[in-house]
Amino acid sequence: MQRHLISAADLTRDDAVLILDTAEEMARVADRPIKKLPTLRGRTVVNLFFEDSTRTRISFEAAEKRLSADVINFTAKGSSVSKGESLKDTAQTLEAMGVDAVVIRHGASGAPYRLATSGWIDAHVINAGDGTHQHPTQALLDAFTMRRRLVGPDAGLGKDLDGRRVTLVGDILHSRVARSNVDLLHTLGAEVTLVAPPTLLPVGVETWPCEVSYDLDSTLTKSDAVMLLRVQRERMNAAFFPTEREYSRRYGLDGDRMAKMPDHAIVMHPGPMVRGMEITAEVADSDRCTVVEQVTNGVSVRMAVLYLLLGGAEPAVTHARPIEEK
């Protein structure tokens, strides 16, 4: 593992499989009566969030506390950032406090990379989402969920997603989740197809390691996993499609479309879902939808990332050895 986790593209296949396998160990801890490990006792982790978040922030906080780290939660609202304090000054304040790791979410693409390479702070940096650029732990938890569902928790150990076909549908242009998933799934051997209106595809998408389609129905029959993406209106400064009804009719997943998918195929969504837009309530509440599983798996994956970056060389989970008979 490298010192920081900034982009899913930085991970090799072995790095990614190591994280997924470690996350399996961490998932078993969640089944214990006491869901804590002493691995990061005495370490301080700061959750530095300049953008609103529910799942990611709470997931990281739960992961940190389950590893016994000391946790500091920082939000831009109510801090000196709202008075005009720069990222550099905030980072130097954290450095003065002696933090060991910073989990950062920022609206500007590249902010975590700047923090990791500037020399402002001597701490591990984990990107929790930067602008429309990357969200590597989301891609890891998505891959973890796919491997568990499509291969199996135990059968999947040491394996990647070679040959699996994954379709990402929706607002690719503004989605850091899409970029991270394309990078990581390609590294893990999966075949990725992007489906979106032409106006919601980024310039240069033809250079990405994936296929592009404008027809959702033609891809559903050959997909092992279909991930729906929210239309990010807060990042839009123009009209990218005529009406919500037309978008939903062409690119939304309802019960009829879900019936076209193979029996083993799963439906995914990074959240938050807009029911009735990209996904209907019937699909969101079905057994094939993994949204709640993704939240659960997110804690295990983030525990694995924190452990591998900060935990040292000890085994992730110690197992009691059986007493040998003399």
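Is R176 buried or exposed? To find out, open this predicted model and follow the salt bridges, of which the structure holds 13. Side chains of opposite charge can pair when their charged atoms come close.

**First stop: E51 and R176.** Select E51 in the loop between β1 (44-49) and α2 (55-66), then R176 in helix α6 (residues 176-187). These two residues form a salt bridge, and their closest N and O atoms are 3.2 Å apart. The pair links distant parts of the chain, 125 residues apart. R176 has a relative accessibility of 10%, so this residue counts as buried, the limit being under 20%.

**Second stop: R149 and E293.** Next, select R149 in helix α5 (residues 136-150) together with E293 in helix α11 (residues 291-310). Their side chains meet in a salt bridge of 2.6 Å, N to O. Here, too, distant parts of the chain are linked, 144 residues apart. R149 counts as partly exposed at 33% relative accessibility, and E293 counts as partly exposed at 29%.

Now select R257 and D217, which form a salt bridge with the closest N and O atoms 2.9 Å apart. R257 belongs to helix α9 (residues 255-259) and D217 to helix α7 (residues 216-220), so the pair ties together parts that are 40 residues apart in sequence. R257 is buried, with a relative accessible area of 9%, whereas D217 is partly exposed at 27% relative accessibility.

**Last stop: a network.** Finally, select R13, D14 and D160. Salt bridges with shared partners join these residues into one network.

Notes. Residues are numbered from 1 along each chain as its sequence is written. This is a predicted model: local features need pLDDT of at least 70, side-chain atom pairs count only at pLDDT 80 or more; totals for chains, interfaces and linings use all residues. Side-chain values use heavy atoms; hydrogens and water are left out. A salt bridge is a side-chain nitrogen of Lys or Arg within 4 Å of a carboxyl oxygen of Asp or Glu. Helices (H or I, at least four residues) and strands (E, at least two) are DSSP runs, numbered from the N terminus. Buried means under 20% relative accessible area, exposed over 50%, partly exposed in between (1.4 Å probe, protein chains only).
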